[in-house]
Amino acid sequence: MSGQLEKIRGLKYIGVVELASQAARILAEIGTTQDRGTVSEMPDERTLRYYLAEGLLSPATEKQGTASVFGYLHLLQLLVVKKLQSEHLPIRKIKELVDGRTERELERLLGLDAKAGAKNEALSYLEKLLTSPSASSPRSQQFNSPAADMMRPVAPAHAARQSAPQQQGQATWARVEIEPGLELHVRGDYAPPTETKGVRRLTRLLLNALEGYRGNMRK
Amino acid sequence: MGHRLPQIELLTPRAKLAAGREQTLDVLIRITPPEPQATADAARRRPALNLSLVLDRSGSMGGAKIQHAREAARYCIDQLLPADRISVVIFDEAVEVLITSQPAANKAALKESLAHIHARGSTALHEAWVRGGIQVSEHLSDAGINRVLLITDGQANVGLTNADEIVTQSLNLHRRGVSTSTIGIGTDFNEDLLLPMAESGGGNAWHVETADDMGRIFSVELEGLIAQVGHTVTLSLVPADGARIVDLLNDFELNETGRYKLPNLQAGQTLEVVAQVRVPAREAGARLRLLDLKLGYTPQEAKSAEVVRQFLEVEFAPEEETEALPLNNAVVKAVQMLMNARARREAVAYMDAGDFDSYREVVSASIASSRSSFAPMQADADVLAELSSLEALSDTANDRREDQLNRKRLSYRSHDLSRSKR
């Protein structure tokens with residue numbers, strides 16, 4: 001399959017219909033379609049418009065007349081969406097996984113880069129966790145890891161807060177990775193909510209902020 | 001390779017519904033995974049296991065606990081087949097890969113290495129879990145079961161300690177093919193970390209009150225791994241026109257495509273789901289195809305998803321007639337067990353809020369309604385176990401020193417009941 005895709009890397013598709021039929025051809029060739037699945041096997045035009053509206057497919061970057069021109073990236077996005085759907089992933093999760101991925105990353109999601117694509121996914125994820133600032137060197141990290149800061153304010157920030165509650169300038173901030181592509185900036189004395197209500201409120205705030213941010217980016 | 005499908009039964013409290021009025025109906029959905037073929041070499045044909053035991057040896061694990069953990073690890077090694085892989089990671093504030101991932105061939109040498117585990121230091125739980133995951137991932141097997149088994153009695157206090165973050169990572173790792181089970185020992189570990197970590201990690205969550213219970217839990221976990229027949233399980237329920245799903249008593253998470261996420265399918269473990277359906281009024285004698293159901297899952301040794309369909313047709317009769325029909329005990333029992341699971345979550349919430357009167361009331365109310373529902377099934381082993389679990393809670397609900405342990409009992413029991421583990 002890797003070889004097949006190699007050949008079509010530079011191709012363009014005028015309009016969703018062309019893109020859909022190319023994807024259908026590839027899906028049929030690689031035989032990953034389901035026997036008794038609930039997910040429609042071949043993406044039709046309507047489905048593609050839905051994916052575009054939902055942001056599962058990036059908008060076309062070129063136009064030819066009134067028709068959108070799609071490329072290799074869009075094809076990969078479409079193939080990944082179909083693959084993840086066959087694994088019962090909800091649309092929102094699929095969007096999270098597909099959003100902002102490069103061609104290379106999408107190829108990896110499709111298991112195209114190496115025979116042991118799945119193995120590398122798990123392994124590279126864990127190795128990244130190990131080398132990321134929040135998980136490395138446990139001894140030194142007790143006092144400077146972002147996560148430890150969240151749970152247990154570091155001494156200077158804590159002292160500063162007690163002596164001068166209004167003085168925000170001395171607060172220490174730490175970056176915490178939530179998932180690939182998303183980091184939070186957290187002040188040392190911030191304590192996350194523990195009760196359900198607070199967690200829900202925080203989730204809502206976070207999602208609203210992200211939606212607003214993405215909305216602004218589009219404009 | 002062919003495989004048999006799970007069986008789905010749909011049951012209602014009575015054989016017919018009362019005609020002439022709208023009503024809410026409990027529908028029991030019973031999913032029975034296929035038994036593995038009972039052939040002589042069935043054991044050899046089970047999926048290969050690729051395990052990492054991640055073992056806490058922090059100071060609090062001293063004495064009997066570490067000894068039991070070592071014994072459990074030895075037991076685990078004894079159960080493995082030469083085609084399985086095992087690694088052992090031990091941790092306190094530092095993390096050490098004691099046994100790198102290898103085939104479980106030279107069992108004597110593997111068990112010899114375990115003798116060097118002694119308790120000391122504090123708890124770098126997260127990094128140890130990551131390292132165990134790496135041991136598994138380096139030999140990830142598509143057809144086999146890739147799992148990290150984390151055993152701890154403590155709170156993560158070195159390295160990454162934020163429970164939400166660790167839980168998210170456990171989910172991310174599960175999506176990449178490695179699942180996580182957790183065993184919490186005693187009263188001091190953080191159930192709000194270990195339970196969701198296993199839940200989102202696609203594994204099992206165990207609470208071991210005393211260390212000598214460890215061997216039993218290990219055997220259940222291993223049997224479960226061997227018996228797993230399907231994963232990525234979803235359930236979709238489509239009610240007839242005019243009907244609607246009011247509630248799913250198991251409180252399974254609903255995804256955006258309107259499907260419920262169910263636990264892995266395991267041979268010998270029937271999963272009971274109860275949906276409450278609002279049924280429109282019909283005349284006596286009418287029949288209605290009330291509910292269409294689709295169970296989606298990925299069989300253990302296959303890559304593509306399967307879907308099994310089933311539907312429920314109900315018949316309406318005059319109320320006098322339906323009142324006289326016998327109640328189906330299986331439905332009554334399933335409903336009460338799930339209500340008790342919810343009551344336990346409520347009890348935990350009251351306990352956390354310091355509202356101990358409400359906590360006690362919830363427990364007492366559960367006992368009262370259980371006694372009444374379970375009256376016709378007094379010899380049922382599940383029923384006896386549930387009643388004695390509730391009574392033990394009630395006996396200790398006034399003792400604040402018992403709260404820490406009771407909170408764990410409530411959380412784990414609630415989780416288990418929602419998944420038909422009684």
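Biologist: Which residues is B:Ser370 in contact with, leaving aside its neighbours within four places in sequence?
Modeller: B:Gln336, B:Asn340, B:Leu387 and B:Leu390; contact means heavy atoms within 4.5 Å. This is a predicted model, where local features need pLDDT of at least 70 and side-chain atom pairs count only at pLDDT 80 or more, while totals for chains, interfaces and linings use all residues. Residues are numbered from 1 along each chain as its sequence is written, chains are lettered from A and ligands numbered from 1 in the order in which they are written, and side-chain values use heavy atoms, with hydrogens and water left out.

Biologist: Where does B:Ser370 lie?
Modeller: In helix H10 of chain B, residues 356-373. Helices (H or I, at least four residues) and strands (E, at least two) are DSSP runs, numbered from the N terminus.

Biologist: Is B:Ser370 buried or exposed?
Modeller: Buried, because its relative accessibility is 0%. Buried means under 20% relative accessible area, exposed over 50%, and partly exposed in between, with a 1.4 Å probe and protein chains only.

Biologist: Which side chain does the side chain of B:Ser370 make a polar contact with?
Modeller: That of B:Asn340, at 2.8 Å. A polar contact is a pair of N or O atoms within 3.5 Å; within protein, one must be able to donate a hydrogen and the other to accept it, and residues adjacent in sequence count only if both atoms are side-chain atoms.

Biologist: Now rings. How many aromatic pairs are there over all chains?
Modeller: Three. Rings of Phe, Tyr and Trp (its six-membered ring) pair if their centres lie within 6.5 Å; planes under 30 degrees apart count as stacked, over 60 as edge-to-face and the rest as tilted. One of the pairs is B:Phe189 with B:Tyr412, edge-to-face, with 6.1 Å centre to centre and 75° between the planes.

Biologist: What does that pair tie together?
Modeller: Parts that are 223 residues apart in sequence, because B:Phe189 lies in the loop between strand E8 (179-185) and helix H6 (191-200) of chain B, and B:Tyr412 in helix H12 (residues 403-418) of chain B. B:Phe189 is buried at 1% relative accessibility, and B:Tyr412 is buried at 4%.
Modeller: B:Phe356 and B:Tyr359 also form an edge-to-face pair, at 6.4 Å centre to centre and 70° between the planes. They are three residues apart in helix H10 of chain B, so about one helical turn separates them.

Biologist: Which charged end sits over the ring of B:Phe356?
Modeller: That of B:Arg400, 3.6 Å from the ring centre. A charge sits over a ring if NZ of Lys or CZ of Arg is within 6 Å of the ring centre and within 35 degrees of the ring normal. B:Arg289 lies over the face of B:Phe311, at 3.8 Å from the ring centre.

Biologist: On to strands. What joins E4(B) to E5(B)?
Modeller: Seven bridges join strand E4 (residues 49-56) of chain B to E5(B), and the two run parallel. Strands pair if DSSP finds at least two bridges between them. B:Val54 stands opposite B:Val89 in E5(B).

Biologist: How many residues of E5(B) are buried?
Modeller: Six of the seven in strand E5 (residues 85-91) of chain B. E5(B) also forms a hairpin with E6(B), with three residues between them.
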